[in-house]
Amino acid sequence: IAPAYTPFNDEAVFVDGKGRTRRVRVGQNGVIETRFVNSAQGSIYFTPADSPTTNALRRILVAPATLVVGDQGTIVNYDQATDSWKLVPPVTSADLLDATYNSGVTVVVGTGGTILTPAGITNWLVRSSGTANNLYTAGSGALQSGFLFIVGGDNGTILTSPDSITWTARTSGVTNRIGYVRGGDYTPGFFAFPAHGYSFLVSTNGASTWQQVPIGHPFAIKK
């Protein structure tokens, strides 16, 4: 009998405890598979890893350490010392859908307006987002001084925070889901992409206000 096909939700490159570069992919039923990038170091074919969960895994974050987030509050850390995947005690039952990192701070977002930030390696704190809308995407970007976290979700939800603790709702001007957000690496400028639309949102004032521009518009964030 052929094995059941397992859809994969995310894939990334990480470095293991012996300094070897590997790819990892995660998906439904807690599946984690890895392979070596260099055939001289090991198999270049994906092989299953021992997963500590059967919950669906949604997103991989590599920096500063490799972790995976998923359904029912699942967070799985990669332990370099033992080359294994370890489950973190959950602090929420929400499905965790995305994660981002900047300047020593990790932000995880999920359903029901869930925002988590770490307090150590295996402890996480639930932050007040001020919304019950599902949050699907998280990112960050440069400001004139410092950086800003930005998350997006259902009903045009956009939230921003300079510290991952206090979050401010921004008016996006759209009502459909914000499926992807990102910020400029070196210049102030933020982008948000609504689902099922033919335009995207742009902000050049620290994500405070937003304007819609059509897909393909030659918009430059540099002033």
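Mentor: Let us begin with a pair of residues: Asp79 has Ser84 in β8 as its bridge partner. This is a predicted model, in which local features need pLDDT of at least 70, side-chain atom pairs count only at pLDDT 80 or more, and totals for chains, interfaces and linings use all residues. Residues are numbered from 1 along each chain as its sequence is written, and side-chain values use heavy atoms, with hydrogens and water left out.

Trainee: In which sheet does β8 lie?

Mentor: The order β5-β6-β7-β8 forms an open sheet of four strands with antiparallel pairing. Its edge strands are β5 (57-61) and β8 (84-87), each pairing on one side only.

Trainee: Why is Val69 called buried?

Mentor: Buried means under 20% relative accessible area, exposed over 50%, and partly exposed in between, with a 1.4 Å probe and protein chains only. Val69 has 0% relative accessibility and therefore counts as buried. Val69 belongs to strand β6 (residues 67-70).

Trainee: Which residues does Val69 touch, leaving aside those up to four places away in sequence?

Mentor: Contact means heavy atoms within 4.5 Å. Among the residues that Val69 touches are Leu57, Ile75, Leu96 and Val108.

Terms used: Helix = DSSP H or I, 4+ residues; strand = E, 2+ residues; numbered from the N terminus. Pairing = 2+ DSSP bridges.
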